[in-house]
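Here are a few exercises to work through with the structure open beside you. Try each task before reading its solution.

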Amino acid sequence: MSDTVSISHATFGLMGPLTHTPTRSMTIHCVIFQIGERVILLDTGFGTREMLDPNGLLGQDALFKLGIVVDIRLTALERLKARGIRPEQVSDIILTHLDNDHAGGLYDFPDATVHLASEELDAFDGLKPRGPYRPYQISHRTKFQTYEPSDETWFGLAARSLNLPGVLDAKLIPLPGHTEGHCGVAFRDGQKWCLHAGDAYFDRTINFLTPPPGLPLEIAFQTSAGDREASIAKLKQLREENGQQVDIFCTHDQSEYLSHTAGRGSPDALSVLG
Ligand SMILES: [Zn+2]
């Protein structure tokens with residue numbers, strides 16, 4: 001690495017409780033990497049456009065069922081500004097998948113290169129409709145860098161190293177089932193590895209039970225039950241065999257988010273709302 005990477009965790013949005021779990025409020029757990037002046041985001045949350053036109057772009061049904069909090073202060077653009085980061089500093093965005101609670105903020109950073117699995121962009125462009133895939137999120141200007149399957153492995157899991165040489169040591173880890181090209185994102189944090197598991201699971205206290213119960217939200221949005229359950233099984237094995245070396249967290253588990261932000265002194269979107 002040419003420069004020190006400063007890593008911080010943020011929630012770029014808030015949603016309602018995850019039914020039948022301890023998660024009383026769903027965060028949208030994203031990661032900010034700062035390398036000198038350069039900034040890389042891992043997922044973007046909802047963007048300013050959804051917050052300014054929630055009925056038009058999110059729709060009454062999603063707003064009500066997911067309990068999406070409408071507040072522009074929660075967007076990546078505003079949260080970065082609060083940290084003194086200008087939007088043009090965001091050079092790259094790594095995506096777990098293209099659902100709008102993860103990729104809605106793309107248009108707020110039009111100059112960034114967007115890194116994701118090739119299967120995910122193919123699914124977005126495909127003919128199968130999916131509620132949270134919203135065509136307006138992506139414009140002809142969006143610069144994509146897609147990643148195909150490779151022979152690479154990481155702790156026994158298939159991996160695809162991101163093309164950020166000398167900047168950030170990070171890999172896509174395919175964990176399909178929630179969407180066809182859904183990936184976790186592994187990255188180094190000091191001596192440890194972290195794995196942002198995206199929406200491969202929703203609540204660490206429930207999803208790793210044996211056998212895991214099917215939560216309403218994950219079943220409603222899954223593209224394949226078999227793939228989703230296989231992805232959870234992979235994460236469970238990783239936790240059991242390498243939990244000391246790999247810190248695993250997901251997008252929507254509030255308790256995980258709080259454990260990654262407590263005591264770090266960073267602006268915390270939960271406190272924005274009192
Ligand atoms: Zn999500």
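**Exercise 1. The sheet**

In what order do the five strands of the open sheet run, and is the pairing parallel, antiparallel or mixed?

Solution. Keep in mind that this is a predicted model.
- Step 1: follow the open sheet across, and the order reads β9-β10-β11-β12-β13, with mixed pairing.
- Step 2: look for strands that pair on one side only; these edge strands are β9 (160–161) and β13 (246–249).

**Exercise 2. A helix and its neighbours**

Find the buried residues of helix α10 (residues 254–261), then work out how they are arranged.

Solution. 
- Step 1: the buried residues of α10 are Gln-254, Glu-256, Tyr-257 and Thr-261.
- Step 2: look down the axis of α10; its buried residues fall within an arc of 160 degrees, so they line one face of the helix.
- Step 3: ask what they pack against. The partners are β1 (5–15), β2 (26–35), α7 (204–207) and β13. The edge strand β13 from the first exercise is thus back in view.

**Exercise 3. The nonpolar core**

Which residues have the most contacts inside the largest nonpolar core?

Solution. 
- Step 1: the largest nonpolar core has 67 residues, and Leu-41, Ile-93 and Ala-197 have the most contacts inside it.
- Step 2: strand β2 supplies six residues, the largest share of this core.
- Step 3: zoom in on Leu-41. Leaving aside residues up to four places away in sequence, Leu-41 touches Cys-30, Ile-32, Ala-76, Val-90 and Ile-93.

**Exercise 4. A loop residue**

Is Gln-244 buried or exposed?

Solution. 
- Step 1: locate Gln-244 in the loop between α9 (225–242) and β13.
- Step 2: count its surroundings. A residue is exposed if 12 or fewer other C-beta atoms lie within 10 Å of its own; Gln-244 has 7, so Gln-244 is exposed.
- Step 3: compare with Lys-128, 116 residues away along the chain; the two C-alpha atoms are separated by 40 Å.

**Exercise 5. The whole protein**

What radius of gyration would a compact globule of 274 residues have, and what does the protein have?

Solution. 
- Step 1: the globule would come near 19 Å; the protein has 17 Å, which agrees.
- Step 2: along the principal axes, the C-alpha atoms fill a box of roughly 45 × 40 × 40 Å.
- Step 3: check burial, and 45% of the 274 residues count as buried.

Definitions and conventions:
Residues are numbered from 1 along each chain as its sequence is written. This is a predicted model: local features need pLDDT of at least 70, side-chain atom pairs count only at pLDDT 80 or more; totals for chains, interfaces and linings use all residues. Two strands pair if DSSP finds at least two bridges between them. Helices (H or I, at least four residues) and strands (E, at least two) are DSSP runs, numbered from the N terminus. A residue is buried if 20 or more other C-beta atoms lie within 10 Å of its own, exposed if 12 or fewer, and partly exposed in between; C-beta atoms are placed from the backbone. The arc is that of the directions from the helix axis to the C-beta atoms. Two residues are in contact if their C-beta atoms, placed from the backbone, lie within 7 Å. A nonpolar core is a set of buried Ala, Val, Leu, Ile, Met, Phe, Trp, Tyr and Cys residues joined through C-beta atoms within 7 Å. The radius of gyration is taken over C-alpha atoms; the globule rule is 2.2 Å times the number of residues to the power 0.38.
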